[in-house]
Amino acid sequence: MRILIVEDESRIADFLDRGLRAEGHFCVIAGDGEEGLSLAQEGDFDLILLDLVLPKMHGHEVCQQLRMKKVSTPLMILTAMDSVDDIVAGLRLGADDYMTKPFSFEELLARVESVMRRSSTRQEENPSLQVGSVTFDREALRVFVDGEEVHMTAKELAILELLMSNPGKLFSRERILSNVWGLNMDPLTNVVDVYIGKLRKKVDTEGGESMIETVRGLGYRLHMPPGSGEQPQRSG
Ligand code: CA
């Protein structure tokens, strides 16, 4: 799963990030409410873990704005504020669950799994994405080209999943950076181009047109194979 962690205490964010990655999830960390809100709208996440007391924008407002904008990603509040009022307010604003700090990682994991089971997410409905000859198994995080498994690094998987979830949609380098590396990366770095190059070597048919189209000066998008329509073919 792609999980957005909105947490300003880096110690807690790192703890969550490490633990969730070890369970096979992919995490992006936002350090304040505004960044969290913007990433949550753009990043195509399966779950949001949201702290309440955040710089720039309170977690309650992040939650409210997301639901007003019809972003229905499952959302769990993580907060040191254990007053009933804060928790009730969060749930009323559209949160799916909450945990009060400090919490054990095992308990968090159990709650995350329970939230995911309760919500009918796109991932559960469509565990795999298919575009052209490339199949992305979102549960096992495995990629197959013409039925043959291709091994990918975590970042390559994250970029490919982002592009394959939105075929035909244009992603700027900045947007790919913030989705895959978080917002603390230097926007002038060419790391996105380097990784797109690596991905092309793995998913493209030799001599054929690249699956990932470069839109000069703007960014990248997944090339839709002829006749495949507007929506990605989903299987599973
Ligand atoms: Ca905080």
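# A guided tour of the predicted model

Of the 236 residues in the protein chain, 49% count as buried. Keep in mind throughout the tour that you are looking at a predicted model. Among the contacts in the chain with a separation of 6 or more, 59% come from residues 24 or more positions apart.

**The sheet**

Begin by selecting the open sheet of five strands, which has the order S2-S1-S3-S4-S5 and parallel pairing. Strand S2 (26-30) and S5 stand at the edges with a single partner strand each, so one side of each is left without a neighbour in the sheet. If you look along the sheet, neighbouring strands are turned by 20° against each other on average, direction ignored.

Next select strand S1 (residues 2-6), which pairs with S2 in the parallel sense over five bridges; within this pairing, Ile3 has Cys27 in S2 as its bridge partner. Then move to strand S4 (residues 75-79), which pairs with S5 in the parallel sense over four bridges, and find Thr79 standing opposite Thr100 in S5.

Which residues of S5 lie on its covered face, and which on its uncovered one? In a regular strand the side chains alternate between the two faces of the sheet. In strand S5 (residues 97-100), Asp97 and Met99 make up the covered face, whereas Tyr98 and Thr100 make up the uncovered one.

**From S5 to helix H5**

Follow the chain into the loop between S5 and H5, where you will find Pro102. A cis peptide bond, with omega about 0°, joins Lys101 and Pro102. Most residues other than glycine have a negative phi, and most peptide bonds are trans.

A search of the whole structure finds one aromatic pair. To see this pair, select Phe15 and Phe105, whose rings are edge-to-face, at 5.9 Å centre to centre and with 80° between the planes. Phe15 belongs to helix H1 (residues 10-22) and Phe105 to helix H5 (residues 105-118), so the pair ties together parts that are 90 residues apart in sequence.

**Arg67 and its contacts**

Now select Arg67 in helix H3 (residues 59-68). The side chain of Arg67 reaches the backbone oxygen of Thr73 at 2.9 Å. Leaving aside neighbours within four places in sequence, Arg67 is in contact with several residues, including Ser72, Pro74, Leu93 and Asp96.

**Charges over rings**

Two further selections show a charged side chain with a ring. Arg2 lies over the face of Phe45, at 4.9 Å from the ring centre. At Tyr195, the charged end of Lys198 sits over the ring, 5.3 Å from its centre.

**Two loop residues with positive phi**

Finish with Lys56, which is found in the loop between S3 and H3 and has a positive phi of about 75° although it is not a glycine. Lys56 counts as exposed, at 63% relative accessibility. The last stop is Leu141, in the loop between strand S7 (134-137) and strand S8 (142-145); Leu141 also is not a glycine, yet has a positive phi of about 55°, and with a relative accessible area of 27% Leu141 is partly exposed.

Definitions and conventions. Residues numbered from 1 in each chain as written. Predicted model: local features only at pLDDT ≥ 70, side-chain atom pairs only at ≥ 80, totals over all residues. Heavy atoms only, no water. Phe/Tyr/Trp six-rings, centres within 6.5 Å; stacked < 30°, edge-to-face > 60°. Lys NZ or Arg CZ within 6 Å of the ring centre and 35° of its normal. Buried < 20%, exposed > 50% of the residue type's maximum accessible area, 1.4 Å probe, protein only. Pairing = 2+ DSSP bridges. Polar contact = N/O pair within 3.5 Å; in protein donor to acceptor, adjacent residues only side chain to side chain. Contact = heavy atoms within 4.5 Å. Axes fitted to C-alpha atoms, helices over the stretch in contact; angles between N-to-C directions.
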